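User: I am new to reading protein models. Could you walk me through this one?
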Amino acid sequence: MESNNNFFDAWLKSQELIIENLAESTKNFQHAFCGLGVNKPGENDFLHVYTSWTTAVLNSLREMDTTDMGLLKETLSKALGGSNSYTKLFEIWLPLFKAIQEKGMNPYTYKDLSNPAEYKKILDQVFGFDPDAISQVSAQVKKFIDTFACSAGSFMNPWVEASRKSLKTFPQFLEGHPESFMSIFHNMFNAFDGTVGRIFHVPAVGKDREKIELLMRSLDDLSVYLAKSTEYQHMMYVTGLAAFEKVIATVAEKISRGEEIKGFDEFFDLWVDVSERTYHALFQTEDFSKMQGEVLEASVNARKHFFKLMELHLYDFPIALRSEMDDLYKTIYELKKKVNGLEKQLKEVSA
Amino acid sequence: MNSPYDTFAMKHMVRELSELSMKLIKGAETLSGIDEIDVGTAPKELVYEEDKLKLYHYKPEGKVTCRVPVLIVYAMVNRQYMLDLQPDRSIVRNLLQHGLDLYIIDWGYPTKADMYMTMDDYINGYLNNCVDFIRQASKKEKINIMGICQGGTFSGIYSALYPEKVKNLITLVAPFDFATNDGLLFRWAKHMNVDALVDAYRIIPGDFLNSGFLMLMPISLNVRKYVDMLDIMGDREKLLNFLRMEKWIFDSPGQAGECLRQFIKDCYQGNKLVKGELKVGDKLVDLKDITMPLLNIYASADHLVPPAATKPLNDLVGTADKTLYEFKGGHIGVFVGSKSQKELSPAIAAWLHERDGEGPLKAKPVVKKSGARHANQEEKDRRIKPQSARINNKVIPKKKKTK
């Protein structure tokens, strides 16, 4: 009897773990997939001096109970985010200013002194990119698979590790070598094909076949999304860096003409103006439009299959599932249309 | 000659940075003193509702001098209170003061229960029901429609399908010719797999659409705007106006998937409206059937709906009384810019007053900019009393007051 209890306790724990991981994965998926183009301010905590003060303000805002409190907090958060980018830009320019003062004017010196990894943080802030979220998704998926298949850990590890390593080398892509960028993904896919990918070639059997197939499909979608998303981000980083170099060139030209640079605000204005124009030029290209469309498609496909997978796991729970609700909504919609039509006919007849 | 490098005085830069931080602190204090961001404050009455849609009737400000009521149809991607964002910059208040009788549609916030709603449901259903309600309440065969942005496209479609119910049509920054690539949204939409998007989300989140709008000017809208905001954060009134705009920008309802699917596929990708191939429900839309007077307003610096998408309407309609009005400014400036209040609203009111008579109207030539001139002064003292009514068994609350 006791052994039976242990068995069910263990079973219960394993189920709880699956649900916990599922919930966590969902959260991370949403975090990663909803991030496209959305600013997430305040993540790079630059204002160390003001952290405690900011916390105090936010706490005091939290205590206030008004209808627009969400917007007020959001706005303050964005103001912090805006200042964050402004200050980060200042930090990046600082060594350049010093070089100008100490070593004299030399555009190549400026280029050497620029810090792409730091600059990337500004672009992450602007575009809401969050590479950590993608790493977390990978880790969560691995965790989920581990739990789901119990013994699949060693099977998954090579692929997940390859993905993680690739993602960690993000800043290096800023140097602008698409070929190295692609080779990293080739490595990642090779790792995938040699491990999880093998399952695609083996006919699945048993009652969990549908789950396994969908799981593999979801992983495949995730791989496509990660690849597309990275390629998209790479495009944005390289464009950002090109804009940054244009700003440096403009400053160098100004200095060579003996023009006065009044203060940091002037650099900031120049940076905004040049960056905006450079990005606009990119956005107008067919390549960018296509890439954006592909990232979107990859993200929504991954989302769709992931939710289907969730449904499969929740099927036996006493809750209404998404697809069931969709059917219900469809029925209500059609009934309403019919009733409206009949009401109209009745009105016309009685008029 | 001084060395140019001396101009990089570190102390100045540190001062700039320190000033920025001080503004932030001061601004946070101002922010914490704001309780409510009030928008859409012109008094109005809820007169009709159906599902999530609400139809409001504005209280007149002074005498109603235009006999035919105006139905304002705003886009579904943002909220209609943009037309009454702040009391001193409100198209609604301005038009009311010019003697117009105004109704406005609030489309509401669709939930998953609305995911199957189509353009047919919105145009042949909701919009048509609102028009019928106003016709019945005002005892007018025809009413005026003023459609804005996507709401303008829908109003144009509606007017082509039901010309017998529309006396005058006004379109503001409304896209009709989607073939253009002048606007980034038009270019990007052509590569969007809208089927995959709708199948995955059912109700397309407002945040998703917002992310697209922010991408049009990513540095200005994500960084510059908030750095500039620090300059006005110490001034409560200026900050409130900034917050009102922020509230509007991020108050984005989700979009019913099926409706958006058709709008993107048939309009943005297929340009069927211009080709005469768009079907809404079982009705084929022919813009030539827009036979009532048309005032088509476009913004010369509109980056969301470029002039190339709005202006062609005048060449596609069947009416000879068509006016093309150029507003010198951007998409948002049309609603809250000072020129909008001083020039555009009076021009709209004048155009409607000129066409408020019951008799046939003379054809007017297409002009670049309409002059603001009040006509039909004899109608000035006539006033339409708001009425309650009951239509299609939908409950219309009586005397329900809202902000």
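User: How many helices and strands does chain A have?

Analyst: This is a predicted model: local features need pLDDT of at least 70, side-chain atom pairs count only at pLDDT 80 or more, and totals for chains, interfaces and linings use all residues. Residues are numbered from 1 along each chain as its sequence is written, while chains are lettered from A and ligands numbered from 1 in the order in which they are written. Helices (H or I, at least four residues) and strands (E, at least two) are DSSP runs, numbered from the N terminus. Chain A has 13 helices and 0 strands.

User: How many helices and strands does chain B have?

Analyst: Chain B has 15 helices and 13 strands.

User: Which residues have the most contacts inside the largest nonpolar core?

Analyst: In soluble globular proteins, nonpolar side chains tend to be buried together. A nonpolar core is a set of buried Ala, Val, Leu, Ile, Met, Phe, Trp, Tyr and Cys residues joined through C-beta atoms within 7 Å. The largest one here has 166 residues. Those with the most contacts inside it are Leu71(B), Ile72(B), Leu102(B), Cys130(B) and Val173(B). Helix H10 (residues 209-256) of chain A gives this core its largest share, 14 residues.

User: Where is Val173(B), and what is its phi?

Analyst: Most residues other than glycine have a negative phi. Val173(B) has a positive phi of about 40°, although it is not a glycine. It sits in the loop between strand S6 (166-172) and helix H5 (184-189) of chain B. Val173(B) is buried, because 28 other C-beta atoms lie within 10 Å. Beyond its neighbours within four places in sequence, its contacts include Ile148(B), Cys149(B), Tyr298(B) and His331(B).

User: What about Cys149(B): buried or exposed?

Analyst: Cys149(B) counts as buried, because it has 26 C-beta neighbours inside 10 Å. Cys149(B) lies in the loop between strand S5 (143-148) and helix H4 (150-161) of chain B. Its phi is also positive, near 55°.

User: Which element holds Gly147(B)?

Analyst: Gly147(B) is in strand S5 of chain B. It is buried, because 27 other C-beta atoms lie within 10 Å. Its C-alpha atom is 8.1 Å from that of Leu71(B), 76 residues apart along the chain. Leaving aside neighbours within four places, Gly147(B) is in contact with residues including Val73(B), Phe154(B) and Thr171(B).

User: How do I read a helix pair, such as H6(B) and H10(B)?

Analyst: Two packed helices are described by the angle between their axes and the distance between the axes. Axes are lines fitted to C-alpha atoms, for helices over the stretch in contact, and angles run from 0 to 180 degrees between N-to-C directions. Angles under 35 degrees count as roughly parallel, over 145 as roughly antiparallel, 65 to 115 as roughly perpendicular and the rest as oblique. The axes of H6 (residues 194-201) and H10 (residues 257-269) of chain B come within 10 Å and cross at roughly 175°. H6(B) and H10(B) are therefore roughly antiparallel.

User: Which residues of H6(B) meet H10(B)?

Analyst: Val194(B), Asp195(B), Val198(B) and Tyr201(B) do. Their partners in H10(B) are Gly257(B), Leu260(B), Arg261(B), Ile264(B) and Lys265(B).

User: Which residues does Pro218(B) touch outside its sequence neighbours within four places?

Analyst: Pro218(B) is in contact with Val126(A), Phe127(A) and Tyr279(A). Pro218(B) is in helix H8 (residues 218-232) of chain B. It is buried, because 23 other C-beta atoms lie within 10 Å.

How values were computed. Buried ≥ 20, exposed ≤ 12 C-beta atoms within 10 Å, placed from the backbone. Contact = placed C-beta atoms within 7 Å.
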